[in-house]
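Please open the structure in your viewer and keep the selection tool at hand.

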Amino acid sequence: MSFTVAFPALEPRERYKLLCATIVPRPIALVTSVGRDGVVNAAPFSFFNVFSEEPPLIVLGLQHKPDAAPKDTTRNIAETGVFVVNLVDEGLAEAMNVCAIDFPPQISEIEAAGLTLVAGLDVAAPRIAQAPFALECRRSVSLAFGPHRELLVGEVLRLHAREGLIDPERLRVDTGAYHPVGRLFGDGYARQRDRFELKREMYEEWRASRCDR
Ligand SMILES: Cc1cc2nc3c(=O)[nH]c(=O)nc-3n(C[C@H](O)[C@H](O)[C@H](O)COP(=O)(O)O)c2cc1C
């Protein structure tokens, strides 16, 4: 028997469970940002995706802490208006997970995770040297949805790629060399080892292939 449930009747925790277990896998942005105090921060966000290419926009879903205080990432971006999205591959997954730990202020998550920072070219936030791709971004707009939630839209100013991942002439990503990791629910993650292709047809091709049967 199929199942249906109306969302207004659910507790937020139950909605989270259903949304995060069904909308999978989600790409992971390991966001580096720097506050007014100069302290660099890195934290993962899987409420993340590309939104458009003209203008080139990405979106991040930033949840505040239980006392409604913004996370360090959110506060830093509010203060400086810039950040870097470092994409996460299999080699970076464990370090990404270390960055999600709520360390006391005297401990740098970047050091704890063994990550190396490289200065940004267009923004005053560094990227992570180990990341397969890094997007230097400027905040376009952020929208508050109640006291605990912010939707941040960022404009991509520059892309960095690790050597061997992009053909610089044709701007083609080598999909055989890029091994991104996706977030599932809870502590679950997915590799992309089982890809397949579906050729997108014109209407005429689709009609012709149906008539051939
Ligand atoms: C894989 C993964 C994805 C996450 N996605 C989000 C997210 O989309 N939004 C969010 O607010 N927190 C998310 N978190 C939790 C934050 O990474 C975590 O609260 C982090 O400590 C925030 O760090 P900050 O205070 O240094 O910004 C995620 C954690 C993990 C491990």
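**The chain as a whole**

Begin by colouring the chain by secondary structure: it contains five helices and 14 strands. Helices (H or I, at least four residues) and strands (E, at least two) are DSSP runs, numbered from the N terminus. Residues are numbered from 1 along each chain as its sequence is written. This is a predicted model, in which local features need pLDDT of at least 70 and side-chain atom pairs count only at pLDDT 80 or more, while totals for chains, interfaces and linings use all residues.

Now display the C-alpha trace, which spans about 70 × 55 × 30 Å along its principal axes. Of the 213 residues of the chain, 25% count as buried. A residue is buried if 20 or more other C-beta atoms lie within 10 Å of its own, exposed if 12 or fewer, and partly exposed in between, with C-beta atoms placed from the backbone.

**The nonpolar core**

Next, select A29, L30, V31, A42, V84 and V85. Within the largest nonpolar core, which has 34 residues, these touch the most other members. Such a core is a set of buried Ala, Val, Leu, Ile, Met, Phe, Trp, Tyr and Cys residues joined through C-beta atoms within 7 Å. Two or more of its residues come from each of β2 (29-34), β3 (40-45), β5 (56-63), β6 (82-87), α3 (93-99) and β9 (133-144). Which element gives the most to this core? It is β6, with five residues.

Centre the view on A29. Apart from neighbours within four places in sequence, A29 is in contact with P44, F45, F48, L60 and V85; contact requires C-beta atoms, placed from the backbone, within 7 Å.

**Around the ligand**

Select the ligand and the 17 residues around it, of which A43, F47, Q63, K71 and T73 come nearest. A residue is near a molecule if its C-beta atom, placed from the backbone, lies within 6 Å of it. At least two residues of this shell are supplied by each of β3, β5 and α2 (72-80), and β3 gives the most, with four.

**A three-stranded sheet**

Finally, select β1, β13 and β14, which form an open, antiparallel sheet in the order β1-β13-β14. Strands pair if DSSP finds at least two bridges between them. At the edges, β1 (26-27) and β14 (189-191) each pair on one side only. Two bridges join β1 to β13 (residues 181-183), and R26 stands opposite R183 in β13.

Notes: Contact = placed C-beta atoms within 7 Å.
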